Amino acid sequence: SAIYPWGGPYVMDDRGCFLANFKPVRGDYAADNALYTVEAKSYEPNDYGLYDMAGNVAEWVADVYRPLIDDIANDFNYYRGNVYMKTAIDKDGKVVVAGQTTIVYDTLSNGRIIARNLPGEIALVPIDEEDTYLRTNFSGSDNRNYRDGDVESTRYYDYYDEDGKNKPGKRMYNAPINEITTDSTGRMIKEVDKSNRRTTLIDDEVRVYKGGSWKDRAYWLDPAQRRYMPQYLASDYIGFRCAMSRVGEKAQSKKKARN
């Protein structure tokens, strides 16, 4: 069976060469000729011509993590984490383009400030009740907790109060709620939730990563295995896998310049 992205159940080819950068044997990092991350294309590609589809660095994926996924939807490229947005339109009916003075900033849970949009980008805003009129599957923009199993994850529950903050209530995943505020001088105040009633670290800001890295054993090279980490954190073993789609046959000769 094809456990790994190169289409087989083994981590070495018929010549005894490792097919990815990971932690082989019993922690012998050097056995695959790499102590840590290596350059792309250091190992053979899979049958689709794609390099490094497992190992080297694990990859962030867009899914919001939950321990269990919806088995009914598995065959349809199941995805959790939809936040529905729409193009911002001004009072004159024109598309709003972000400018130098209209950049919107977000404060992450760890206190870092990032730009939500950059100058020249089309501005986006959350969908509203008018956009979801008579929809049966969702009624708001943020659907990351869809079908968690608690009342707050149903389309009939108003999850936020008038100030846009989460309403207190019984959540399925009782993760810590850390808050960041500012005082009258603009100084950032970080409040850590030290409650001993918290039961999990899973919330709507944890994303799935998979694919295995240079410091993982072969088990994590299997694309079906999932782990999670808060989306605002970084590490030395998680990154992105970049692939480009190409249509048509591979060119056999260079194109001649037109006169």
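Mentor: Let's start with the largest nonpolar core, which has 10 residues: Tyr-4, Trp-6, Val-11, Phe-18, Leu-19, Ala-20, Phe-22, Ala-54, Ala-218 and Leu-221. By nonpolar core I mean a set of buried Ala, Val, Leu, Ile, Met, Phe, Trp, Tyr and Cys residues joined through side-chain atoms within 4.5 Å. Buried stands for under 20% relative accessible area, exposed for over 50%, and partly exposed for in between, using a 1.4 Å probe and protein chains only. Keep in mind that this is a predicted model, where local features need pLDDT of at least 70 and side-chain atom pairs count only at pLDDT 80 or more, while totals for chains, interfaces and linings use all residues. Residues are numbered from 1 along each chain as its sequence is written, and side-chain values use heavy atoms, leaving out hydrogens and water.

Now pick out Leu-19 in that core. Setting aside residues up to four places away in sequence, Leu-19 touches Trp-6, Tyr-10, Val-11, Met-12, Asp-13 and Tyr-43; a contact here is heavy atoms within 4.5 Å.

On to the rings. The whole structure holds 8 aromatic pairs, where rings of Phe, Tyr and Trp (its six-membered ring) pair if their centres lie within 6.5 Å, and planes under 30 degrees apart count as stacked, over 60 as edge-to-face and the rest as tilted. Tyr-4 and Trp-6 are a stacked pair, because their ring centres are 5.2 Å apart and their planes meet at 25°. Both Tyr-4 and Trp-6 are buried.

Tyr-29 and Trp-214 form a tilted pair, because their centres are 6.0 Å apart and their planes are at 50°. This pair links distant parts of the chain, 185 residues apart: Tyr-29 is in the segment before strand 1 (58–64), and Trp-214 is in the loop between strand 8 (206–210) and strand 9 (227–230). Strands (E, at least two residues) and helices (H or I, at least four) are DSSP runs, numbered from the N terminus. With a relative accessible area of 27%, Tyr-29 is partly exposed, whereas Trp-214, at 13%, is buried.

Ring pairs also link Trp-60, Tyr-209 and Tyr-237 into a cluster.

As for the setting, the chain has 10 strands and 0 helices, and buried residues make up 28% of its 259 residues.
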